[in-house]
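Notebook open, sequence and model side by side. I want to go through the salt bridges and then the sheet.

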Amino acid sequence: MSGILYFVPTPIGNLEDMTFRAIHVLKEVDYILCEDTRTSGILLKHFEISKPLKSYHLHNEHQATEKVIADLKSGQNIAIITDAGTPGISDPGYLLGKAGADNNIDMICLPGATAFVPALVVSGLPNNEFLFAGFLPQKKGRQTKLKQLAEEKKTIVLYESPHKINTTLEQIKEFFGEETKVSLSREISKKFEETKRGTINELIEFSKSKTLKGEIVLIVNNSI
């Protein structure tokens, strides 16, 4: 019998967002894959979880996946976590999920923390249909991607880092137009959580008026 691969969300800010089920699963598996053993070690210590940690990140996931699949086939139960949020959502996890599916491994993803859902809900923008685009390409293909997204009628969800937010907002104005509505959420579930809503020009003014910190989620709609 093959083991089970668990995708376990971890808090994106407030540790109280960790679910009882997530703690139970992490205490029961044979070992845990994580992005950074130091970061995850702090989390596991807080919840009194003592299981072996193995690195699984963007730089080694191709090599590590084969060994993980072999361990699963041998009957071991394994969990994957990331530094924050749900594995596979703009974080390592997709390759392992694909390999698990290709090898008929039983996989379970626990519901839990992910940044874009609360940002979308409080944006005030249409959320009956939306397109999750994650991070835009750093350089090559960035303008092509923006042109493509600008044609979308659905609400668009983007992730962005603080040091690129001003450039990205200016590019949204360029490709989507000045009537575009935007909601910017940052530090979700943390002490200084903040959401700013308005037109793209208002968001550009807001972003340039202060130094934004923390992971940023942009909710964009140019069809209303």
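**Entry: what kind of model**
I'm working from a predicted model, so everything below is computed from its coordinates.

**Entry: salt bridges**
I started with the total, and the count is 8 salt bridges. I then looked at some of them one by one.

I looked up glutamate 170 and found its side chain in a salt bridge with lysine 208, at 2.8 Å from N to O. Which parts does this pair tie together? Glutamate 170 sits in helix H7 (residues 165-176) and lysine 208 in helix H8 (residues 200-208), so the bridge ties parts that are 38 residues apart in sequence. I checked accessibility too: glutamate 170 is partly exposed at 31%, while lysine 208 is exposed at 54%.

Next I went to arginine 186, which forms a salt bridge with glutamate 194; their closest N and O atoms are 2.8 Å apart. Is arginine 186 buried or exposed? I noted a relative accessible area of 9% for arginine 186, and because the cut-off for buried is under 20%, arginine 186 counts as buried. Glutamate 194 comes out partly exposed, with 22%.

Glutamate 194 also has a salt bridge to lysine 210, at 3.2 Å from N to O. That pair links distant parts of the chain, 16 residues apart: glutamate 194 is in strand E9 (residues 194-199), and lysine 210 is in the loop between H8 and strand E10 (216-221). I have lysine 210 down as partly exposed, at 33% relative accessibility. Through shared partners, the salt bridges join Arg186, Glu194 and Lys210 into one network.

**Entry: the sheet**
I turned to the strands. In what order do the 5 strands of the open sheet run? I read the order as E6-E7-E10-E8-E9, with mixed pairing. Strand E6 (130-135) and E9 are the edge strands, each pairing on one side only. On average, neighbouring strands here are turned by 15 degrees against each other, direction ignored.

**Entry: cross-reference**

Note on methods
Residues are numbered from 1 along each chain as its sequence is written. This is a predicted model: local features need pLDDT of at least 70, side-chain atom pairs count only at pLDDT 80 or more; totals for chains, interfaces and linings use all residues. Side-chain values use heavy atoms; hydrogens and water are left out. A salt bridge is a side-chain nitrogen of Lys or Arg within 4 Å of a carboxyl oxygen of Asp or Glu. Helices (H or I, at least four residues) and strands (E, at least two) are DSSP runs, numbered from the N terminus. Buried means under 20% relative accessible area, exposed over 50%, partly exposed in between (1.4 Å probe, protein chains only). Two strands pair if DSSP finds at least two bridges between them. Axes are lines fitted to C-alpha atoms, for helices over the stretch in contact, and angles run from 0 to 180 degrees between N-to-C directions.
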